[in-house]
Amino acid sequence: MRQAATRDLENVDVAILGVPFDSATSYRSGTRFGPRKIREVSAMLWGSNQALRVAPLEHVRVIDYGDVDVVPVDIHATFERITHDVKTIHAAGATVITLGGDHSITLPLLRAHHARFGKIAVVHFDSHGDMWEYDFEGFRFSHGTTFRRAVQENLLDTDAYLQIGIRGSTSDFDDYARATQLGARIITIRDAMKMGTENIVETIHQTTGKRPVYVSFDIDSVDPAYAPGTGTPEVGGFTSFQALEMVRGLNGLTLVGFDIVEVNPSFDHSDITSLLAANLAFEFLSLLALKKQNRK
Ligand code: MN
Ligand code: MN
């Protein structure tokens, strides 16, 4: 959105942080190019959000903090650098919107948000639960283990952890049951389509209440017809309109952080996936603008 690229955090409300990391993907890599492309297509976004009735940039001062200095061959070093950058931004009083990157990066993001806000409610849009115990040959950290680790590390408020849009084939029939036992409330895509976005939004509000809420948006929750540019697409998902409507419906929650992950420009067409991601970030910004407005 043509905002200043700087690391000066004085009087900043929102920092956009890129994490160009894809070393923890299980299938098609390339999400390291997500942040750059989302920034590029965001140049055409501006002005007033008619749906939420707010002009975000008039209320929140936004900067582009640049990218985390990732280490492609070292997930642990990368995680530490992500947590460090987010803590630095938080210390200055700003909110972080992160552009990924594969979904492994959400674990260090949750660590940093937990350090500031305590146990957080999480609204997790995805076609996958990302709650595997192990992925590659017993390795603990990948984009498929993020939320199991987050539960194991006690970062989440498991009374208020929602997975929305879950679908696709699973390792066995107990896949959902194991996630539920860990505290996830699952709204499968079949449930979601029956409920409609208004009922989903109401469920989110009822579940999260006044807790601090972190939103993690895996772009593969959206149907590949609308978001083909991703590493592990699953057919039969949300439309881009439904995705926007659900995010808009988060207005009024105590929102403390956002990420958009798994955008892979290498498999995109006409930048439509990146454009959707940029628009979701615009909605996030609008929500933060409304939150700031309501505080006054
Ligand atoms: Mn995911
Ligand atoms: Mn996914």
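View 1. The protein donors are Asp 126 (OD), His 128 (ND1), Asp 218 (OD), Asp 220 (OD) and Asp 220 (OD). They lie 2.1 to 2.4 Å from the manganese ion (ligand 2). The model shown here is predicted. Along the chain, the donors of this ion are spaced as D-x1-H-x89-D-x1-D. Asp 126 sits in the loop between strand 4 (120-125) and helix 5 (146-152). Asp 220 sits in the loop between strand 7 (212-218) and helix 8 (240-248). The pair therefore ties together parts that are 94 residues apart in sequence. Asp 126 is buried, at a relative accessible area of 0%. Asp 220 is buried too, at 1%.

**View 2. The manganese ion (ligand 1) is coordinated by His 103, Asp 126, Asp 130 and Asp 218.** The donor atoms are ND1 of His 103 and OD of Asp 126, Asp 130 and Asp 218. Their distances to the manganese ion (ligand 1) run from 2.1 to 2.3 Å. In sequence, these donors follow the spacing H-x22-D-x3-D-x87-D. Both Asp 126 and Asp 130 are buried.

**View 3. Asp 126 bridges the manganese ion (ligand 1) and the manganese ion (ligand 2).** How far apart do the manganese ion (ligand 1) and the manganese ion (ligand 2) lie? They are 3.2 Å apart. Asp 126 coordinates both.

**View 4. The largest pocket is lined by 27 residues.** Nearest its centre lie His 128, Gly 129, Asp 130, Trp 132 and Asp 175. The space in the largest pocket is about 440 Å³. Strand 5 (156-166) and helix 6 (175-181) are the elements that give two or more residues to the lining. Which element provides the largest share of the lining? Helix 6 does, with four residues. By type, the lining residues divide into six nonpolar, 11 polar and 10 charged.

**View 5. Arg 149 is a buried residue in helix 5.** Its relative accessibility is 1%. Beyond residues up to four places away in sequence, Arg 149 touches Leu 107, Trp 132, Glu 133, Tyr 134, Arg 140 and Phe 141. One of these partners, Trp 132, is also among the residues nearest the centre of the largest pocket.

**View 6. Thr 83 is found in helix 3 (residues 75-91).** Is Thr 83 buried or exposed? Thr 83 is buried, with a relative accessible area of 11%. Leaving out residues up to four places away in sequence, Thr 83 touches Pro 108 and Ala 112.

**View 7. The whole protein has nine helices and eight strands.** This view sets the close-ups in context. The C-alpha atoms fill a box of roughly 50 × 40 × 40 Å along the principal axes. The radius of gyration is 17 Å. For 296 residues, a compact globule would have a value near 19 Å, so the two agree. Buried residues make up 58% of the 296 residues. Among contacts with a separation of 6 or more, 78% join residues 24 or more positions apart.

Definitions and conventions. Residues are numbered from 1 along each chain as its sequence is written. Chains are lettered from A and ligands numbered from 1 in the order in which they are written. This is a predicted model: local features need pLDDT of at least 70, side-chain atom pairs count only at pLDDT 80 or more; totals for chains, interfaces and linings use all residues. Side-chain values use heavy atoms; hydrogens and water are left out. Donors are N, O and S atoms within 2.8 Å of the metal (3.2 Å for Na, K and Ca); water is not among the atoms, so sites may look incomplete. Buried means under 20% relative accessible area, exposed over 50%, partly exposed in between (1.4 Å probe, protein chains only). Contact means heavy atoms within 4.5 Å. On a 1 Å grid over the protein atoms alone, a cavity is a set of points where a 1.4 Å probe fits but cannot get out, and a pocket is an open set with protein on both sides within 12 Å along at least five of seven lines; lining residues have an atom within 4 Å of a point. Grid points are joined across faces, edges and corners, and a volume is the space filled by probe spheres set on the points. Ala, Val, Leu, Ile, Met, Phe, Trp, Tyr, Cys and Pro count as nonpolar, Asp, Glu, Lys and Arg as charged, and the others, Gly among them, as polar. The radius of gyration is taken over C-alpha atoms; the globule rule is 2.2 Å times the number of residues to the power 0.38.
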